Amino acid sequence: PEWDAFEVFARDVGPQPTPAHSIGRIDNDRGYEPGNVRWATAVEQANNTRKNIRLTFTGKTQTVAQWARELGLQSGTIHARVNAGWSIEDILSKTVFHPHEHAQKKRFEQAAKR
């Protein structure tokens with residue numbers, strides 16, 4: 001009822017920061033109501049969905065996508081490790097082994113010995 005008038009809604013929410021921002025809920029279990037909306041980018045909106053898996057490591061909680069971006073891992077790698085039952089530490093701290101990179105390194109080392 002508080003937002004029946006657009007002017008009240010606009011005053012509470014404030015102006016759109018950029019064209020890339022849209023209105024999103026802070027808590028998805030609540031409605032679009034005073035105190036539960038914010039301007040958010042598409043990435044922020046995507047990170048605020050129920051389907052996301054959130055992992056807490058070293059006191060920091062982020063979605064799989066956020067950890068992947070931060071650590072330079074593929075989201076699929078993290079999901080596979082979660083599904084395989086790895087510990088959070090191993091999921092986020094183990095380097096990815098690429099067989100083709102290993103083979104290239106061996107060839108380089110052999111060539112350097114010649």
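Let's start in the middle of things: the largest nonpolar core of this predicted model is built from 8 residues, namely Leu 55, Val 64, Trp 67, Ala 68, Leu 73, Ile 78, Ile 91 and Leu 92. Two elements, α3 (64–71) and α5 (88–93), each give two or more residues to this core. Helix α3 supplies the largest share, with 3 residues. As a bit of background, nonpolar side chains tend to be buried together in soluble globular proteins.

Pick out Ala 68, one of the core residues, and look around. Leaving aside residues up to four places away in sequence, Ala 68 touches Leu 73, Gln 74, Ser 75 and Ile 78. Leu 73 and Ile 78 are also on the list of core residues.

Now move over to the strands. Strand β3 covers residues 54–57, and it pairs with β4 in the antiparallel sense over 4 bridges. To see the pairing for yourself, find Thr 56, which stands opposite Thr 61 in β4. The two strands form a hairpin with 2 residues between them, and there Thr 58 takes a positive phi near 50°.

Follow β4 (residues 60–63) along and you'll come to Thr 63. Is Thr 63 buried or exposed? Its relative accessible area is 1%, and anything under 20% counts as buried, so Thr 63 is buried. What does Thr 63 touch, not counting residues up to four places away in sequence? Its contacts are Asn 47, Asn 52, Ile 53 and Arg 54. Arg 54 takes us back to strand β3, which spans residues 54–57.

Technical notes
Residues numbered from 1 in each chain as written. Predicted model: local features only at pLDDT ≥ 70, side-chain atom pairs only at ≥ 80, totals over all residues. Heavy atoms only, no water. Buried < 20%, exposed > 50% of the residue type's maximum accessible area, 1.4 Å probe, protein only. Contact = heavy atoms within 4.5 Å. Core = buried A, V, L, I, M, F, W, Y, C linked by side-chain atoms within 4.5 Å. Pairing = 2+ DSSP bridges.
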